[in-house]
Amino acid sequence: MDIENIAKAWVEMWSFEIDDPKRDDFEWVDDIEYQFVYMEPEKALDLVSAILKLKPNNETIEVLAAGPLEEVLAQHGPLIIDRVEKEASLSLSFAKLLGGVWKNAMTPDVWARVQNTWDRSEWDGK
């Protein structure tokens with residue numbers, strides 16, 4: 001399955017409440033997200049970008065920032081921070097998404113670079 005279809009399924013999965021039985025149909029999406037975040041960080045960033053291009057609602061954006069984006073930075077920050085900075089410089093929506101991550105287990109260098117790159121304008125008022 002291609003990244004765009006996985007992204008659509010990810011957004012659909014998050015349209016249901018956590019305890020909704022319909023989410024059971026999307027276990028495969030969780031499995032793919034886990035695989036990408038922990039073992040294929042470049043694909044994780046591809047997925048995050050594909051989800052962002054779908055222009056999901058604010059609640060889903062919050063999950064995207066605090067979930068896969070934050071976790072891939074925590075797990076693989078030194079490997080992907082150059083790409084993250086480039087994406088943020090080319091896409092205001094990505095820079096704003098980056099504003100929703102927390103330090104988590106990022107190295108001090110990666111965290112500093114995230115903070116120098118993000119746009120928190122839509123997060124600070126929340």
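A residue is taken as buried when its relative accessible area is under 20%, as exposed when that area is over 50%, and as partly exposed in between, with a 1.4 Å probe and protein chains only. By this rule Trp10 is buried, because its relative accessibility is 0%. The structure is a predicted model, in which local features need pLDDT of at least 70 and side-chain atom pairs count only at pLDDT 80 or more, while totals for chains, interfaces and linings use all residues. Residues are numbered from 1 along each chain as its sequence is written, and side-chain values use heavy atoms, with hydrogens and water left out.

In soluble globular proteins, nonpolar side chains tend to be buried together. A nonpolar core is here a set of buried Ala, Val, Leu, Ile, Met, Phe, Trp, Tyr and Cys residues joined through side-chain atoms within 4.5 Å, and the largest such core has 38 residues, with Leu69, Leu73, Val84, Leu97, Leu98 and Val114 having the most contacts inside it. Two or more residues of this core are given by each of the elements α1 (3-13), α2 (27-39), α3 (41-53), α4 (58-90), α5 (92-98) and α6 (108-117), where helices are DSSP runs of H or I with at least four residues, numbered from the N terminus. The largest share, ten residues, comes from α4. With contact defined as heavy atoms within 4.5 Å, and residues up to four places away in sequence not counted, Leu69 touches Leu45, Val48, Leu64, Phe94, Leu97, Leu98 and Val101.

Thr117, which lies in helix α6, counts as buried because its relative accessibility is 19%. Apart from residues up to four places away in sequence, Thr117 touches Glu85, Ala88, Ala95 and Leu98.

Aromatic pairs were assigned to rings of Phe, Tyr and Trp (its six-membered ring) whose centres lie within 6.5 Å, with planes under 30 degrees apart counted as stacked, over 60 as edge-to-face and the rest as tilted; four such pairs result. One of them joins Trp10 and Trp14 in a tilted arrangement, at 6.0 Å centre to centre and with 50° between the planes. Whereas Trp10 is buried at 0% relative accessibility, Trp14 counts as partly exposed at 25%. The pair of Trp111 and Trp118 is edge-to-face, because the planes stand at 90° with the ring centres 5.3 Å apart, and Trp111 counts as buried at 15% relative accessibility.

Trp28 is found in helix α2 and, at 32% relative accessibility, counts as partly exposed. Leaving aside neighbours within four places in sequence, Trp28 is in contact with Met1, Ile6 and Ala9, while its C-alpha atom is separated by 26 Å from that of Ala105, 77 residues apart along the chain. Glu40, in the loop between α2 and α3, is likewise partly exposed, with 23% relative accessibility.

A pocket is an open set of points on a 1 Å grid over the protein atoms alone, where a 1.4 Å probe fits and protein lies on both sides within 12 Å along at least five of seven lines; its lining residues have an atom within 4 Å of a point. The largest pocket has a volume of about 240 Å³, a volume being the space filled by probe spheres set on the points. Eleven residues line this pocket, and the closest to its centre are Leu52, Asn58, Ile61, Lys96 and Glu122. At least two lining residues are supplied by each of α4 and α5, and α5 gives the most, with three residues.
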